[in-house]
Amino acid sequence: MKVTVAICTHNRAKDTEEAIVSVLTQNFAKKEIEIIVIDNRSTDNTAEVVNGLRQRHGPRVRYILENKLGLSVARNRAIREASGEYILFLDDDALASSKWVQHIVDVFERDITIGCVGGKIDPIWEAEEPDWIPEEYRSVFTILDFTNGVKEMPSPSIPYGANIAFRMSVFNHIKPFREDLGRVGKNLLSSEESELIARLRARYKVYYTSYASVKHKIAKERTTKKWFLKRIFWQGVSDAVKRQDKSVLAVVKHTIRMLQAVGTSLLSIFHFKKFIRQVVKIYYRNGSLVGILRYNSRG
C-alpha cells in the first residue's frame, strides 16, 4: 500500500462523506490508496454513512471507532492502523483536489529525508468572509498559501493539520502526536502539529506544495468575533501547554504584556483594526496564563 488517507471525525457525518468522496475520486491508482476514518466517539450517523460507502467501494474504505475523545488520540490511532508508506491527514470538513494524493507523493519521492509534506488550504466560507479579521490572523481559520510551487518550509513555518502528510517510517524514530495537545470535545486546544514537526525537524525536512491543495469549509459560527477571540484564547493555552513552562517569570511576563495591551486598546478604541489587534493580544496572554496556571499544574 502506497498511501493511507486518514480522516478523523466527530459528529460531522455529511462533511465526512464529502471528504471521503473527494479521496475516492483521486487521479491515483485505486489499489494504492486506503481510506481510514477514525470516528472519535460520534453520536450522529457517522458509522452508518462510512459503512455505507464501504459497502459500495469495498475494503479500501475502513471505519474505526475510537472511544477516547481527542483529536490527537484519533490521529495516533490512525497512525497505528495505517498500512501505507505515507499517511495523509485530511480534515473531515475539507475537500481534496483531484490530484492531491499524487502531488503529495511526488514530493516525498524526491528525497528520502523529507518526512512531512503539506499543501495549500483554500477557504470555503459558509457566510461571507468577515472584513474585520486582521490579515496576519487569517491562519486562525486554517487558511494556508505559503508559496507557489514546491519549497522546503523553514522553521518556524509549518503545514496545517487540514492538509498534512508524513512518511510513516518517521514514527519509528519519533513519538507521534502529544495527546495533551489537540482538540478534545468543544475546547480549541491546538499546537499538536507544531510540536510534532519541531521534533521531526531534528532528522527530516518539511516541504510544502501548492499543487496538493484542499478546500476547507469554514462554518458560519466560526466567523463571529466571539469564536475568533475564543480561538485566540485557546492558542495561548496551547502554546503554554506545549512549552510546559511553569515558571513565575512566565506568569509575570504574560501579565505585564496583557496589561500593556489593555492600556493600548483603550487608546485605540476609535480605530477598530488597531483595537481588535490589542484585544487579540489580551485574549492570547490570558490564555497563556490559564495554560500555565491550570494545565501545567495538573497533579
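## A buried threonine

At 18% relative accessibility, Thr-142 counts as buried. Buried means under 20% relative accessible area, exposed means over 50%, and partly exposed lies in between (1.4 Å probe, protein chains only). Thr-142 sits in the loop between β6 (114–125) and β7. Thr-142 also has a positive phi of about 60°, although it is not a glycine.

This is a predicted model: local features need pLDDT of at least 70, side-chain atom pairs count only at pLDDT 80 or more, and totals for chains, interfaces and linings use all residues. Residues are numbered from 1 along each chain as its sequence is written, and side-chain values use heavy atoms, with hydrogens and water left out.

## Other backbone features

Most residues other than glycine have a negative phi, and most peptide bonds are trans. Arg-41 is not a glycine, yet has a positive phi of about 60°. Arg-41 lies in the loop between β2 (33–39) and α2 (46–57). Its relative accessibility is 42%, so Arg-41 counts as partly exposed.

Where is the cis peptide bond? It joins Ser-155 and Pro-156, with omega at about 10°. Pro-156 belongs to the loop between β7 (150–152) and β8 (163–167).

## The nonpolar cores

In soluble globular proteins, nonpolar side chains tend to be buried together. A nonpolar core is a set of buried Ala, Val, Leu, Ile, Met, Phe, Trp, Tyr and Cys residues joined through side-chain atoms within 4.5 Å. The largest one here has 61 residues. Val-5, Ile-87, Leu-90, Trp-100 and Phe-166 have the most contacts inside it. Helix α4 (residues 100–108) gives this core its largest share, six residues. Another core lies apart from it, with 21 residues, including Ile-133, Phe-141, Leu-188 and Phe-228.

Contact means heavy atoms within 4.5 Å. Leaving out residues up to four places away in sequence, Ile-87 touches several partners, among them Thr-4, Ala-78, Ile-164 and Phe-171.

## The whole chain

The protein chain has eight helices and nine strands. These are DSSP runs, numbered from the N terminus: helices (H or I) of at least four residues, strands (E) of at least two. The C-alpha trace spans about 60 × 40 × 40 Å along its principal axes.

Of the 299 residues in the protein chain, 52% count as buried. Among contacts with a separation of 6 or more, 81% come from residues 24 or more positions apart.
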